[in-house]
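Biologist: I have the sequence and the fold open. Can we walk through the contacts, one at a time?

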Amino acid sequence: ATYYRISEKASPKDCDDIVNLYKTHGCDGIIALGGENVTQCAKVAKLMLLQGVGDFVYFNHKTDMDAEKISYRDVPLFILPSDIPCGIEATDRAMIFDEKNNVFYNFESVLTRASVVILDVRLTDIMPAKAMATAGLGALAMGMKGFVDNAGNPLALAYATGAIHTVINELLPAMRHNSDADYRISIYSSIINAGIAYYGIKESLLRDMANELAIKTGRSVLQILSIIFPTYYKEKINGDRVFKSVLMPLVGEAQYAKSNAKSRDVVALDTVREFWGKVIALAGIPSRLQETGIEQSDFVKLADAVITRYRGSNPHNNFTTIVKLLEEAF
């Protein structure tokens, strides 16, 4: 049975239709072939099937799962990105925006997990240099954020380090030689790896901001991160200095050892700025929020929405902080 009606935005109705189709035809697994919306719908559909849910209305503004209600032994889920991956494929997360009721569902459950994520080089042929640039910078942002926020998680650090190293060393060559299949698949892999670390963070103001801006502008999360991350990074350098540890995967062990321990956060920021500048100059991709069609008059409403959805407890992550970051990135 084939479902091919997923629109530009993944919706609860799509999830309902997939579940109904699965049950009607007695399917024994899901193969998700497509972009971010297909991936999200497939992951949520698997969650619904394992919860014994036939209608998305069941969730009723909640995202806590009832593991004891699993009614299927398993629902194998195979994800094949036919577009640039979004980074959520190999994670325990799935996100759906219910536009009709203005509710954002951010599910975190092992029941959304894919059995296999397949990167087929034949599905990367449509990736132009500009798309690769945006995706690479988005992956770098996810990798760096995932690195600093998973200090006690060696597995997440390994995925984040691999993603950072790949993007720093291969994104510019991949843009110049995007007919090379090995480069294309390498950038795809970096997005998947970075996403594992990034979406493994329990609470993240940056992630909530990126999600809200993606909904508002219709851009991908990777596009939004490629624009706002340098501003976010700069603010953290001036404040918490949390990014000093990321210098090692950015520049390698030899360069790291040569740097002064007290200035590693600044060296890391300078390295990122220089790299970001080269990619943007070569690809000509948007570097400011004003290029996405958003208006400064939207910032108050955006900040309110982010605060409402933010799950963290850091008192510095408040309305004023969010508006300031949006203004700086504009």
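Modeller: A salt bridge here is a side-chain nitrogen of Lys or Arg within 4 Å of a carboxyl oxygen of Asp or Glu. Keep in mind that this is a predicted model.

Biologist: How many salt bridges does a search of the whole structure find?

Modeller: The search covers the whole structure. Its count of salt bridges is nine.

Biologist: What is the N to O distance between the side chains of D298 and K216?

Modeller: The two side chains meet in a salt bridge. The cut-off for such a pair is 4 Å. D298 and K216 have an N to O distance of 3.8 Å.

Biologist: How many residues apart in sequence are the parts that this pair ties together?

Modeller: D298 sits in the loop between α10 (264–283) and α11 (299–309). K216 belongs to helix α6 (residues 205–217). The pair therefore ties together parts whose separation in sequence is 82 residues.

Biologist: Is D298 buried or exposed?

Modeller: Buried means under 20% relative accessible area. D298 has a relative accessible area of 19%, so D298 is buried.

Biologist: Which residue forms a salt bridge with K324?

Modeller: The closest N and O atoms of this pair are 3.5 Å apart. K324 is partly exposed at 46% relative accessibility. The residue that bridges to K324 is E235.

Biologist: Which helix holds E235?

Modeller: The pair links distant parts of the chain, 89 residues apart. K324 is in helix α12 (residues 319–329). E235, partly exposed at 22% relative accessibility, is in helix α7.

Biologist: By about how many helical turns are E274 and K278 separated?

Modeller: E274 and K278 form a salt bridge, with the closest N and O atoms 3.6 Å apart. Both residues are in helix α10, four residues apart. The separation is therefore about one helical turn.

Biologist: Which residues do salt bridges that share partners join into one network?

Modeller: Here the bridges share partners. The one network they form consists of R93, E108 and K202.

Biologist: Is α3 roughly parallel or roughly antiparallel to α4?

Modeller: Two packed helices are described by the angle between their axes and the distance between the axes. Helix α3 (residues 129–148) packs on helix α4 (residues 154–176) at about 155°, with axes 8 Å apart. Angles over 145 degrees count as roughly antiparallel. So α3 is, relative to α4, roughly antiparallel.

Biologist: Is the crossing of α3 and α4 left-handed or right-handed?

Modeller: The contact includes M132, L140 and F147 of α3, and I164, V167 and L171 of α4. The crossing of these helices is left-handed.

Biologist: How many residues of the contact of α3 with α4 are nonpolar?

Modeller: The contact has no charged residues. Four of its residues are polar. The nonpolar count is 16.

Biologist: How far apart in space are Y58 and V246, C-alpha to C-alpha?

Modeller: Y58 lies in the loop between α2 (36–51) and β2 (77–81). Y58 is partly exposed, at 28% relative accessibility. Y58 and V246 are 188 residues apart in sequence. Their C-alpha to C-alpha distance in space is 42 Å.

Biologist: What is the relative accessible area of T112?

Modeller: T112 lies in the loop between β4 (103–108) and β5 (116–117). Among the residues that T112 touches are K43, L47, D92 and R93. T112 is buried, and its relative accessible area is 0%.

Methods. Residues numbered from 1 in each chain as written. Predicted model: local features only at pLDDT ≥ 70, side-chain atom pairs only at ≥ 80, totals over all residues. Heavy atoms only, no water. Helix = DSSP H or I, 4+ residues; strand = E, 2+ residues; numbered from the N terminus. Buried < 20%, exposed > 50% of the residue type's maximum accessible area, 1.4 Å probe, protein only. Axes fitted to C-alpha atoms, helices over the stretch in contact; angles between N-to-C directions. Parallel < 35°, antiparallel > 145°, perpendicular 65-115°, else oblique. Left-handed = near helix turned anticlockwise from the far one by under 90°. Contact = heavy atoms within 4.5 Å. Nonpolar A, V, L, I, M, F, W, Y, C, P; charged D, E, K, R; others polar. Lists of a residue's contacts leave out its neighbours within four places in sequence.
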